[in-house]
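The sequence and the structure come first.

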Amino acid sequence: MKDINITQAMTLIQAGEILAYPTEGVYGLGCDPFNQQAFEKLLDAKQRPVEKGVILIASTVQQVKDLADIFYQPWTQQVLNSWESPLRPTTWILPASNVVPDWITGGRDTVAIRVTHHPQVKALCDALEMPLVSTSANLSGQPPIKSREVCHETFLGIPVLEGSLSGLSEPSQIWDAQTMVRIR
């Protein structure tokens, strides 16, 4: 399977397909978060239960402002400041709005969101004008994938967006905004 460019990736996402892509520290699997069939394909490929929920990754706060209670909270500025920095990618668990599908949240009343600075993922979200599902490209319970070759071998037939990892040694940190507790 060859690597694909942003235009090809955009076409696949719009057609309800899934793809793998490099992120800040590991490869991710993604799809349109509002397409339940695409999401189910992603869970099947990953062998992941829906109850775990997934992260949404976006290129701007604008893309996720209607998906969570981000503004007018005691922690708003801390969340926004963290998303401005490309040095430490941070995923925040935030109160979900009612437009977020249950399959994304795993049935919770919260949603995990990260605004990315990764150039290819940012460009893809910009082209689509929406966030993507972002879950680590690995079989459930296995270590995250950090190599394009292993990604291709593990997920045969799933295209990989061209580009490379941003050099982070581990997946992004995950923080709960309401409790200010680090989850990962």
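Proline 95 stands opposite threonine 110, a residue of strand 6. Strand 5 and strand 6 pair in the antiparallel sense, over four bridges; two strands count as paired if DSSP finds at least two bridges between them. Helices (H or I, at least four residues) and strands (E, at least two) are DSSP runs, numbered from the N terminus. The model is predicted: local features need pLDDT of at least 70 and side-chain atom pairs count only at pLDDT 80 or more, while totals for chains, interfaces and linings use all residues. Residues are numbered from 1 along each chain as its sequence is written, and side-chain values use heavy atoms, with hydrogens and water left out.

Strand 5 (residues 90-95) also joins strand 9 (residues 173-176), through four bridges, and these two strands run parallel. In strand 9, aspartate 176 is the bridge partner of isoleucine 93. Strand 5 is largely enclosed by the rest of the structure, because six of its six residues are buried. Buried means under 20% relative accessible area, exposed over 50%, and partly exposed in between (1.4 Å probe, protein chains only).

Isoleucine 113 lies in strand 6 (residues 110-115) and counts as buried, at 0% relative accessibility. Leaving aside neighbours within four places in sequence, isoleucine 113 is in contact (heavy atoms within 4.5 Å) with residues including Leu56, Trp83, Thr90, Trp92 and Leu94. Its C-alpha atom is separated by 22 Å from that of glycine 163, 50 residues apart along the chain.

A nonpolar core is a set of buried Ala, Val, Leu, Ile, Met, Phe, Trp, Tyr and Cys residues joined through side-chain atoms within 4.5 Å. The largest one has 36 residues, and those with the most contacts inside it are Phe39, Trp83, Leu94, Ile104, Ile113 and Val133. At least two residues of this core come from each of strand 3 (27-30), helix 2 (36-46), strand 4 (55-58), helix 3 (76-84), strand 5, helix 4 (102-105) and strand 6. Helix 2 gives the most to this core, with four residues. Another core, of 13 residues, lies apart from it; Ile13, Tyr21, Leu124 and Cys125 are among them.

Isoleucine 104, again leaving aside neighbours within four places in sequence, is in contact with Pro33, Phe39, Gly53, Val54, Leu56, Val111 and Val133.

The structure holds zero disulfides, a disulfide being a pair of cysteine sulfur atoms within 2.5 Å. Cysteine 125 is in no disulfide, and the nearest cysteine sulfur, that of cysteine 31, is 12 Å away. For cysteine 151, the closest cysteine sulfur is also in cysteine 31, at 15 Å, too far for a bond.

Relative accessible areas of selected residues are tabulated here.

| Residue | Relative accessible area | Class |
|---|---|---|
| Cysteine 125 | 0% | buried |
| Cysteine 151 | 1% | buried |
| Glutamine 36 | 37% | partly exposed |

Glutamine 36 is found in helix 2. Glutamine 36 and glycine 16 are 20 residues apart in sequence and 8.8 Å apart in space, C-alpha to C-alpha. At the start of helix 1 (residues 6-14), a side-chain oxygen of asparagine 5 reaches to within 3.1 Å of the backbone nitrogen of threonine 7.

Technical notes. A polar contact is a pair of N or O atoms within 3.5 Å; within protein, one must be able to donate a hydrogen and the other to accept it, and residues adjacent in sequence count only if both atoms are side-chain atoms.
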